[in-house]
Amino acid sequence: MDTATVASFEASRDRLSAIAYRMLGSAADAEDTVQDAFLRWQATDRRYVEVPEAWLTKTVTNLAIDRLRSAHTRHERAVGAWLPEPLLSGDPMLGPADTVEQRESVTLAVLLLMEQLSPVERAVYVLREAFSYSHAEIARILGITESASQQHTHRARRRITPTAGDTGIAPADARRIVQAFVDAAASGRTDQLVALLTEDAVGTSDGLGGLAKRVISYTNPARLATAIRSGFKPTAAKRGLVGGSPTLHAAIVNGCPAMVGTMCDRVVGVAILEVRGEKIAAIRSIAAPARLARINAEWQGRQLDAPLIESW
């Protein structure tokens, strides 16, 4: 493949990766999907490709649909052990963030809600809401009618309601929110944690070290606060699971304030705080190493603020 052809693909890579990530909720799967598209780009007779960007978008979108329909993916998500893969603010895979819809579309809340959609509904929602494709363009990409695209969009919007959370949060505000959360969690007092939560606050976790066989859910503030208080208390066993005493940082992950635990600059856990008004509406804790591979790679090159806790 000549240099110009490779360059034309690379110019689209970030956008293609952002489409695939929103559809799949997994950076690893998104990278594999984009690589598969590159192999197809390499093999196709490009003399018959009038608009490379359109061809590549169609290829990546349909490859992502095929991946969502695969038996392996359906089994993995059906058994209850699946959570989206978190991404650090500034990661190009997050894609455009100019509008509220674009920022909302990469929050873990929306990525989890998209599990309710069929693969085609998910594709239509992503292309329409996050990338502003017209229904005519979506119809050509997916091989459906414009009317069908409109219907899929309508159904998706009914299932994915706005979270009413803060979007486009500034680093200083994120740090303030995470600091308040860490202070309350470290106090050992459940009432301080409950005071930070909305009345309908929920939580999900894949367990300390990401070892839970199923995603653990907390469906009310009292249970969530109790779990946080218990989990935040350091013990030798917990430190053994993560390899020592982690350093706790504040960051922005998938558009939300987040507490990031690190060991020797290696991310060992992320707690993402979804904020509504001045309170926390949901906490998503992720610690499975496979889900942290991408955020680890991004973390290595960042200029970091002072940690919230030097040694937990």
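## Around Y125 and beyond

Y125 touches V110, M114, L117, A130, A156 and I160, leaving aside residues up to four places away in sequence; touching, or contact, means heavy atoms within 4.5 Å. Keep in mind that this is a predicted model, where local features need pLDDT of at least 70, side-chain atom pairs count only at pLDDT 80 or more, and totals for chains, interfaces and linings use all residues. Residues are numbered from 1 along each chain as its sequence is written, and side-chain values use heavy atoms, with hydrogens and water left out.

Now for the cores. A nonpolar core is a set of buried Ala, Val, Leu, Ile, Met, Phe, Trp, Tyr and Cys residues joined through side-chain atoms within 4.5 Å, and buried means under 20% relative accessible area (1.4 Å probe, protein chains only). In the largest one, with 43 residues, Y125 is among those that touch the most other members, along with F9, Y21, M23, M114, F131 and L142. Helices here are DSSP runs (H or I, at least four residues), and strands are too (E, at least two), numbered from the N terminus. These elements give that core two or more residues each:

| Element | Residues |
|---|---|
| α1 | 3-24 |
| α2 | 27-43 |
| α6 | 108-113 |
| α8 | 135-142 |

Also on that list are α3 and α7, while α1 gives the most, with eight residues. A second, separate core has 28 residues, including A201, L224, I228 and A271.

Over in helix α14 (residues 293-300), R294, I295, N296 and W299 are buried. The buried residues of α14 pack against α2, β3 (247-253), β4 (256-263) and β5 (266-276).

Key
Buried means under 20% relative accessible area, exposed over 50%, partly exposed in between (1.4 Å probe, protein chains only).
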